[in-house]
Amino acid sequence: MYDLVEIFESLQGEGRNMGRPCVFIRFAGCNLKCPWCDTDVRKKFSLSLSELLAELGQYKAKSVILTGGEPTLVKEMPELVAALKKNGYWIGVETNGTSAADWLGFVDYVACSPKRGAKLALTAADEVRVVAEDEATVEFCREVRGKIAATDYYVSPCDRGGKIDFATAKSVLSQLDGWSLSVQLHKILGFK
């Protein structure tokens with residue numbers, strides 16, 4: 001059984017795949033407690049693998065984002081990834097990087113959003129997104145770049161209660177080479 005918060009279809013709102021139509025599968029539970037997190041990661045419902053696949057079949061998008069919470073903590077994830085691949089889905093994963101689950105090697109895209117103070121286990125991803133909490137984010141970004149090999153590195157403005165802090169993100173970016181801005185476009189445009 002998969003403990004879930006929600007399943008919905010929308011557009012990817014951030015990173016390299018911004019604008020891509022996707023079905024988001026938000027799993028319950030997370031091993032971190034980020035102060036700016038806007039997701040209630042408590043379990044809302046559970047589905048079996050067959051029920052989850054049937055639910056996905058109701059959506060048009062053939063791209064799936066496994067997110068959370070923290071999807072790498074889901075023990076049954078290898079079975080889901082295998083079933084999704086068998087059914088022709090493009091699979092993206094959003095992770096905090098604290099677990100380097102073996103099944104990540106079978107997905108199409110890994111977006112890692114590491115958090116200060118958390119021990120990183122992941123050493124490679126397609127993209128890294130760091131939230132610009134404050135000026136100390138600059139040094140954290142430099143540390144992350146030395147630990148996680150990725151094609152793209154992004155700084156995201158911090159959203160605190162609906163107020164998006166672009167000024168800190170701009171300041172952080174001005175001190176980093178090879179990093180770009182990734183906004184949460186879905187929040188700016190007002191969609192899920």
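Modeller: Quick definition before we start: a residue is buried if its relative accessible area is under 20%. And bear in mind that this is a predicted model.

Biologist: Okay, how many of the residues of β7 are buried?

Modeller: Look at the two directions in turn. E127, R129 and V131 point one way from β7, and they are buried. V128, V130 and A132 point the other way and are buried too. That puts the count of buried residues in β7 at six of six.

Biologist: Which residue of β7 stands opposite C112?

Modeller: Start with the strands: β6 (109–112) pairs with β7 in the parallel sense, over two bridges. The residue of β7 opposite C112 is V128.

Biologist: And in β8, what is the bridge partner of E127?

Modeller: β7 and β8 (residues 152–160) run parallel and are joined by six bridges. For E127, the partner in β8 is D152.

Biologist: Which backbone oxygen does the side chain of S113 reach?

Modeller: S113 is in the loop between β6 and β7 (127–132). Leaving aside residues up to four places away in sequence, S113 touches T95, N96 and R129. The side chain of S113 comes to 3.0 Å from a backbone oxygen, and that oxygen belongs to R129.

Biologist: Is S113 buried or exposed?

Modeller: The cut-off for buried is under 20%. S113 has a relative accessible area of 18%, so it counts as buried.

Biologist: Switching to rings: are F8 and F24 stacked or edge-to-face?

Modeller: The whole structure has four aromatic pairs. F8 and F24 have ring centres 5.1 Å apart and planes at 10°. Planes under 30 degrees apart go into one class, so the pair is stacked.

Biologist: How many residues apart are F8 and F24?

Modeller: F8 is in strand β1 (residues 2–11) and F24 in strand β2 (residues 21–27), so we're linking distant parts of the chain, with strands taken as DSSP runs. Both are buried, F8 at 10% relative accessibility and F24 at 6%.

Biologist: Which ring has the charged end of R20 over it?

Modeller: There are a couple of these to look at. K62 lies over the face of Y89, at 4.0 Å from the ring centre. The charged end of R20 is 3.8 Å from the centre of its ring, which is that of W90.

Biologist: Last one: how far from C141 is the nearest cysteine sulfur?

Modeller: C141 is buried, at 0% relative accessibility. The search of the whole structure gives zero disulfides, and a disulfide would need sulfur atoms within 2.5 Å. For C141, the nearest cysteine sulfur is that of C112, at 12 Å.

How values were computed: Residues numbered from 1 in each chain as written. Predicted model: local features only at pLDDT ≥ 70, side-chain atom pairs only at ≥ 80, totals over all residues. Heavy atoms only, no water. Phe/Tyr/Trp six-rings, centres within 6.5 Å; stacked < 30°, edge-to-face > 60°. Helix = DSSP H or I, 4+ residues; strand = E, 2+ residues; numbered from the N terminus. Buried < 20%, exposed > 50% of the residue type's maximum accessible area, 1.4 Å probe, protein only. Lys NZ or Arg CZ within 6 Å of the ring centre and 35° of its normal. Polar contact = N/O pair within 3.5 Å; in protein donor to acceptor, adjacent residues only side chain to side chain. Contact = heavy atoms within 4.5 Å. Pairing = 2+ DSSP bridges.
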